[in-house]
Each structure stands twice: as C-alpha cells, then as structure tokens.
Amino acid sequence: MTGSVAWQEAYAELVRFVARDPDVVIAEASVSIPEASRPGFYELFDRTRFSFLAGFDELLLQAEALSRRYRATEAEVSERLKLRSVGMSPALQVFLHDPKQGLARGLFDPLFNLLSGRLTLEEFERGAADRVRRDFAELFRLGFEKLVEMALVRALEPDLLLRVPVHEPTSKEIIKRSDVPQPVPIPVESADMVLTHDPYPILAVPEIIVRSAAVGRYVGLGTEFRGAFWSASNPSPRREWLEVEEPSGFSAKLILVYVGDDPEEIALLADRDRICRPDLIVECRDGSAGEPHDLANATRHQAALRPRLGTFVLCPCPAAPEVNPIVDRLRQF
C-alpha cells in the first residue's frame with residue numbers, strides 16, 4: 001500500500017510523544033490522557049490516521065467528487081426551501097461534508113489498539129485497510145443515494161417541505177408490540193429535512209414530502225425501506241396497497257417515489273402488513289465490482305412493487321446524476 005512509510009513515520013512520532021510524557025498512559029487495561037497533553041497527543045494521533053489514508057488516493061478522489069456535488073446540491077435546496085438543517089446519520093454527515101475525516105473515524109479504535117499493544121503493526125495495517133475499504137463502500141453507497149435524492153428534490157422545484165411526525169416508540173413499546181392499529185400522522189410543514197430512519201418504526205413514512213412546482217402536485221420520497229412494526233388504522237383509500245411477505249428484504253438502494261394531490265394521500269409508505277404501490281422507483285447503483293451486471297434486484301423490485309411509471313437505474317458518473325427525465329415522467333402521471 002502506497003504511503004505506508006509516511007504513516008509509519010507519523011506513528012513513530014506519536015509513540016515518541018507518549019514515551020516522553022509520563023502522564024500519558026495507554027495500555028491494554030487502561031487509557032489516561034491528561035487534559036494538558038490532549039492537544040499535542042491528538043494532533044499526532046490525527047496526523048497518523050490521515051497519513052494512513054494517503055494510501056487510498058483513488059477512494060479519496062471518488063469521495064471528494066461525491067462530496068462536492070452533494071454539498072452544492074444541498075446548498076441549493078436549503079436556500080430554496082429556507083431550511084434550518086439537513087440531518088442524517090453522523091457517520092454519513094461527516095463523510096459527505098469532509099470525506100477524509102469521515103474515513104478517518106473508522107481508524108480511531110484500531111489506532112488506540114495498536115498503541116496499547118492489542119494489535120501488531122502488521123495486524124493494524126491489514127485490519128485498518130479492510131476497514132477503510134468497507135467504510136468507503138458503505139458510505140459512498142449511502143452518499144450517492146442522498147445525492148440522487150437531493151438532486152431530485154432540486155429538480156422538483158419545491159416551494160414547501162413537509163414531514164410526517166411519527167411517534168418514536170420506547171423500548172417497552174418495541175418489546176410489547178400492540179396489535180391496535182395506529183393512525184397515520186398528518187404531514188406538517190417543516191424547516192428541517194431529516195434523511196434518516198428510526199430502526200424500529202411504528203409506521204414507515206416518506207423521508208421527504210414536497211409541494212412541487214415542476215409537477216404541480218405533492219411528491220413523497222422514501223428510502224432505506226425496512227418495513228414497519230405496527231398496522232395503520234387509516235391507510236389512504238386513494239392508494240393501492242400491496243401485501244409483501246418480506247419487506248425487509250428489499251434493497252436499501254431504492255428511492256420510492258409517490259405523487260399525490262394532497263400530502264395526506266402519500267403520508268404512509270408501509271405498515272406491518274402492506275406497502276403502498278409506488279408511482280416510480282429510482283434504484284441507485286454504487287458502481288461496485290459486478291454490480292452493473294446484476295439486474296436481478298431491479299427486476300425483482302419491479303415485479304413485486306409494480307411502480308406505475310416504471311424504474312430508473314442511476315449509477316455514479318463524472319457528471320451530476322441526471323434526474324430531469326424522472327421529473328418529466330412524473331409530469332405524465
């Protein structure tokens with residue numbers, strides 16, 4: 001791996017710093033870094049992590065290109081909708097706004113394990129390299145999905161953002177799931193766009209609902225579909241509902257798109273027993289080895305969910321994702 005000498009030199013300097021400061025203790029049984037020593041320690045600690053990442057130039061270039069496109073698109077959407085915040089998982093948030101820092105996060109514990117003697121230098125290099133590649137693959141996949149989602153919102157020319165305020169269940173409610181159907185919350189106007197999901201949702205709802213000037217109707221977007229744990233008492237009678245045996249088996253790379261005359265019509269994506277038939281599916285491919293040739297998932301999703309306007313498959317490319325054809329298709333509905 002290129003850059004191994006540079007990172008080992010940075011690591012050697014970190015080891016010398018620890019050896020010179022008797023108040024810094026990093027051992028298998030305990031770690032103690034006094035407040036006065038922390039600035040110097042973490043400067044060298046971070047330098048070591050970033051030096052290690054220098055051996056992954058190709059991944060960093062891809063990540064930085066994705067980051068630039070995402071940040072520019074998010075800024076345009078935020079300005080148009082006067083957003084107060086755009087929220088997502090902390091790991092993805094850091095990766096999309098500072099890719100190097102995002103990938104360095106995964107090296108924090110391994111580097112401490114190396115310093116404490118839990119890992120040898122060879123074990124650290126091997127394990128840390130695997131961690132960087134694994135984190136990149138997952139974060140790039142999720143980041144590309146969010147770029148597509150944000151680009152689609154921009155192309156919809158939104159003038160209003162709504163969210164569906166689903167109750168977050170307590171641990172007791174999760175353990176003792178009630179069979180009493182739950183009402184679908186009414187969408188409310190929001191200045192905060194939240195692109196993340198409760199791992200135990202009472203009901204699955206769109207991440208985003210916007211009033212679209214480009215389509216002339218409301219459009220809802222749902223991603224990372226995992227199903228829901230409760231039944232809904234009032235699913236919209238204007239929608240078609242499909243029984244799905246294993247909703248959690250659907251690929252997390254899907255963006256399900258819904259169009260409605262009012263936001264209440266598209267406020268529910270799925271409950272425990274059924275899923276709302278989407279108007280359109282966007283499937284995001286991350287370009288990993290062999291993936292472009294694997295159309296089995298797209299075919300399966302098309303057959304199971306029967307989107308009225310079909311499926312679009314998007315892959316990363318040097319240009320920004322082309323979402324205008326998707327908006328054109330939605331106008332036909």
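## What counts as a salt bridge

A salt bridge here is a side-chain nitrogen of Lys or Arg within 4 Å of a carboxyl oxygen of Asp or Glu. This is a predicted model, where local features need pLDDT of at least 70 and side-chain atom pairs count only at pLDDT 80 or more, while totals for chains, interfaces and linings use all residues. Residues are numbered from 1 along each chain as its sequence is written, and side-chain values use heavy atoms, leaving out hydrogens and water.

## The chain as a whole

Let's start with the overall picture. The chain contains 10 helices and 13 strands; these are DSSP runs (helices H or I, at least four residues; strands E, at least two), numbered from the N terminus. Of its 333 residues, 49% are buried, meaning under 20% relative accessible area, with exposed over 50% and partly exposed in between (1.4 Å probe, protein chains only).

## Salt bridges to look at

The count of salt bridges comes to 26. One of them links the side chains of Arg308 and Glu240, at 3.9 Å from N to O. Arg308 sits in the loop between α9 (296–305) and β13 (311–314) and Glu240 in the loop between β8 (217–223) and β9 (241–243), so this pair ties together parts 68 residues apart in sequence. Arg308 is partly exposed at 29% relative accessibility, and Glu240 is partly exposed at 29%.

Glu43 and Arg47 also pair up, at 3.3 Å from N to O. They are four residues apart in helix α2 (residues 38–53), and therefore separated by about one helical turn.
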